[in-house]
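Please read this briefing alongside the sequence and the structure shown below.

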Amino acid sequence: MDKSFIKAKPILVKLIEHGFDAYYVGGSVRDYLLNREIGDIDIATSALPNQVQALFEKVIPVGIDHGTVMVRYEGESYEVTTFRVEESYEDYRHPDRVHYVQKIEEDLARRDFTMNAVAMKLDGTIVDPFNGRGAIKEKRIETVGVAEERLQEDPLRMMRALRFVSQLGFSLAATTYDTIRHNAYLLERISIERKTVEMEKLIQGRFANRAWQLFIQSGVDQYLPSFEKEPSLIQKCAQLEWIPLEDMAEAITIFHQLATSLSVTQMVKDWKLSNDVKRQSLRLTEAVQQWGSEEDCYVLYGVGESLLSSFCKILQILNRDAPSFKNLKRTYEQLPIHSIKQLALNGNDVRALFPNRHPGPWMQQLLRTIEKEVVTCRIRNEKEYLKERALQWNQQEEDY
Ligand code: ATP
Ligand code: MG
């Protein structure tokens, strides 16, 4: 058994010792059967949330109203969900009411796709009432039960289906596909936050191109943030050769390069992303736009080490003369400085050089000019040289 399952074993053992049923469920079991790297381990149990809380030391009630608590154990977090069935989803976010049930089979029946409705016992025995293993073997995404009912009940499942296409390279079962095509508009009712979670997973997949094609064929993109505003964006996405991205900052940068009328700031807002994502996307966008017109070393300096691999990947996807990451990294490492703080001249030096000038934006301009010349190796990063250059700059300004 995979070491992630073994690490989580004491949680299941404890539940079972106290007379409850407990299983590994969801993506981890699916990925294990697929021989794919396992992500988060989810656990399903007959114990009620308060019973789970009572058994473990560190429990965070993340979704306690819907039966889920997070158990922290040996540095890992595990979602432990009480066996449940759902009633209607009136707010299209959470089921209005959940009913706790006693049997794992009932719990598996409320899950989205057959490949995700497989449970595994401690000893490795598989519980698979919907032939999820068959679907996994044939690389097929099909709903548990009647597609129309299940996708209408929670329309986010349509988007989940497409993100699984991207992650796993599976195909949609014919009825699942037809139902998505006819019900795509129901995604209008789904919160942006839920769509963003799925989009982030989608762009990390190895088969994103297949997902873009399915967006086009099903019309699902018309109900996604940003994409709904620019109907041709999805076509442009589909024309690129995607490789797995790291995060939404990379995706927004690419979407922005393809879009004609959507700004980075607007898209970050559309998808309700953080200010951090915005900062990263803006930095990457500036670098992509400068690439080819500014000297490589200066562009890379602006990118900075933390975004270097993102930048390289984006150039590759946009097909913009991307050098290998190794080369980019070498160029970056050879830069004479990596931040303005390393410049041999600072604000105080500038003030001392020009005691009669009032401090103001000119100081920043001067330092930026010198910074660029140092980064592009036009001038050595030594105080005396830089002072001389500053005096010359000042003279030019005065002449001008
Ligand atoms: P990943 O490996 O990417 O996390 P996952 O299959 O574990 O994929 P999660 O979003 O973590 O996906 O959900 C865990 C499990 O919960 C799923 O495998 C599925 O059984 C069930 N599930 C999640 N979301 C839904 C939903 N909207 N409708 C029905 N079942 C769902
Ligand atoms: Mg998961």
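Two strands pair if DSSP finds at least two bridges between them, and helices (H or I, at least four residues) and strands (E, at least two) are DSSP runs numbered from the N terminus. In those terms, D42 stands opposite E79 in β5. This is a predicted model, in which local features need pLDDT of at least 70 and side-chain atom pairs count only at pLDDT 80 or more, while totals for chains, interfaces and linings use all residues. Residues are numbered from 1 along each chain as its sequence is written, and chains are lettered from A and ligands numbered from 1 in the order in which they are written.

**The sheet**

- An open sheet is formed by seven strands, in the order β3-β4-β5-β2-β1-β8-β9, and the pairing is mixed.
- The edges are taken by β3 (59-63) and β9 (126-127), each of which pairs on one side only.
- Strand β2 (residues 42-45) runs parallel to β5, and four bridges join the two strands.
- Strand β4 (residues 68-73) and strand β5 (residues 76-82) run antiparallel and are joined by six bridges; M70 stands opposite E79 in β5, the bridge partner of T68 in β5 is T81, and that of Y73 is E76.
- β3 and β4 also run antiparallel, with three bridges between them, and here V59 stands opposite V71 in β4.

**The hairpins**

- The hairpin of β4 and β5 has two residues between the strands, and E74 in the turn has a positive phi of about 45°.
- In the hairpin of β3 and β4, four residues lie between the strands, and G67 takes a positive phi near 95°.

**The helix contacts**

- Axes are lines fitted to C-alpha atoms, for helices over the stretch in contact, and angles run from 0 to 180 degrees between N-to-C directions.
- Helix α14 (residues 275-290) and helix α15 (residues 296-303) have axes that come within 9 Å and cross at roughly 175°; α14 and α15 are therefore roughly antiparallel to each other, a label for angles over 145 degrees.
- Residues are in contact if their C-beta atoms, placed from the backbone, lie within 7 Å, and on this basis R283, E286, A287 and Q290 in α14 meet V299, G302 and V303 in α15.
- The residues of that contact divide into three nonpolar, two polar and two charged, where Ala, Val, Leu, Ile, Met, Phe, Trp, Tyr, Cys and Pro count as nonpolar, Asp, Glu, Lys and Arg as charged, and the others, Gly among them, as polar.
- The axes of helix α12 (residues 248-258) and helix α16 (residues 308-318) come within 10 Å and cross at roughly 35°.
- On the α12 side the contact is made by A249, E250, T253, I254 and Q257, and on the α16 side by S310, K313, I314, I317 and L318; by class, the contact has five nonpolar, three polar and two charged residues.

**The ligand**

- Ligand 1 is surrounded by G26, G27, G39, D40, D42, R111, D112, N116, D154, L156, R157 and K201, where a residue is near a molecule if its C-beta atom, placed from the backbone, lies within 6 Å of it.
- The shell around ligand 1 has one nonpolar, four polar and seven charged residues.

Note on methods: Parallel < 35°, antiparallel > 145°, perpendicular 65-115°, else oblique. Contact = placed C-beta atoms within 7 Å.
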